[in-house]
Amino acid sequence: MFTQIYSNHKNVLEAAQERISFVFDSFENIIVSISGGKDSTVLAWLALKEAEKRDRKIGLFFFDEEVIYQATADQVE
């Protein structure tokens, strides 16, 4: 089982950015699955910012098995 150790010197945003950077260092093709909710939207935004910084492109996959409201679809678009 993995044990997650957080540094006292990093906030949640910095830790997320570090993990996303690791993914970009480790993989050539990156696809972020988003549901349109706040968590996946923030993840997509952070990944897009990292891709922009590295002059790379990523894929976004929109999928939600629950009811999809028009406002959610508009936000993702």
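The questions and answers below walk through a predicted model of a single chain.

Q: What pattern of helices and strands does the chain follow along the sequence?
A: The predicted chain contains three helices and two strands. When these elements are read along the sequence, the pattern that the chain follows is α-β-α-β-α.

Q: What percentage of the residues of the chain count as buried?
A: A residue counts as buried when its relative accessible area is under 20%. The accessible surface of the chain comes to about 6,600 Å², and 56% of that surface belongs to carbon and sulfur atoms. Of the 77 residues in the chain, the share that counts as buried is 19%.

Q: Among contacts between residues at least 6 apart in sequence, what percentage join residues at least 24 apart?
A: Contact here means that heavy atoms lie within 4.5 Å. Among the contacts in the chain that link residues at least 6 apart in sequence, the share joining residues at least 24 apart is 65%.

Q: Which helix is included in what covers the buried residues of α1?
A: Helix α1 has 15 residues and reaches 21 Å from its first C-alpha to its last, which is close to the 21 Å expected at 1.5 Å a residue. Its buried residues are A15, I20 and F24. F24, leaving aside neighbours within four places in sequence, is in contact with I30, A47, E50, A51, R54, R56 and I58. What covers the buried residues of α1 includes helix α2.

Q: Is E50 buried or exposed?
A: E50 is found in helix α2, and, not counting residues up to four places away in sequence, E50 touches I20, S21 and F24. The cut-off for a buried residue is a relative accessible area under 20%. Because the relative accessibility of E50 is 8%, E50 counts as buried.

Q: How far apart are the N and O atoms where the side chains of E50 and R54 meet in a salt bridge?
A: Side chains of opposite charge can pair when their charged atoms come close. R54 counts as partly exposed, at 27% relative accessibility. The side chains of E50 and R54 meet in a salt bridge, with an N to O distance of 2.6 Å.

Q: Which residues are linked in a network of salt bridges?
A: E50 and K53 both lie in helix α2, three residues apart, which is about one turn of the helix. Their side chains meet in a salt bridge at 3.3 Å, N to O, and K53 is exposed, with a relative accessible area of 63%. The side chains of E50 and R54 also meet in a salt bridge. The residues linked in the network are D25, E50, K53 and R54.

Q: Which residues form a nonpolar patch on the surface?
A: F27 has its place in the loop between α1 (12-26) and β1 (31-34). At 48% relative accessibility, F27 counts as partly exposed. The patch has about 300 Å² of accessible area together, and the residues that form it are F22, V23 and F27.

Q: What is the phi of D55, which is not a glycine?
A: Most residues other than glycine have a negative phi. D55 lies in the loop between α2 and β2 (59-62), and it counts as exposed, at 72% relative accessibility. Although D55 is not a glycine, its phi is positive, at about 55°.

Terms used. Residues numbered from 1 in each chain as written. Predicted model: local features only at pLDDT ≥ 70, side-chain atom pairs only at ≥ 80, totals over all residues. Heavy atoms only, no water. Patch = residues over 30% accessible without salt bridge, like charges linked within 9 Å, V, L, I, M, F, W, Y side chains within 5 Å. Areas by Shrake-Rupley, 256 points an atom, 1.4 Å probe, with all protein chains shown as cover. Salt bridge = Lys/Arg side-chain N within 4 Å of Asp/Glu carboxyl O. Helix = DSSP H or I, 4+ residues; strand = E, 2+ residues; numbered from the N terminus. Buried < 20%, exposed > 50% of the residue type's maximum accessible area, 1.4 Å probe, protein only. Expected span 1.5 Å × (residues − 1).
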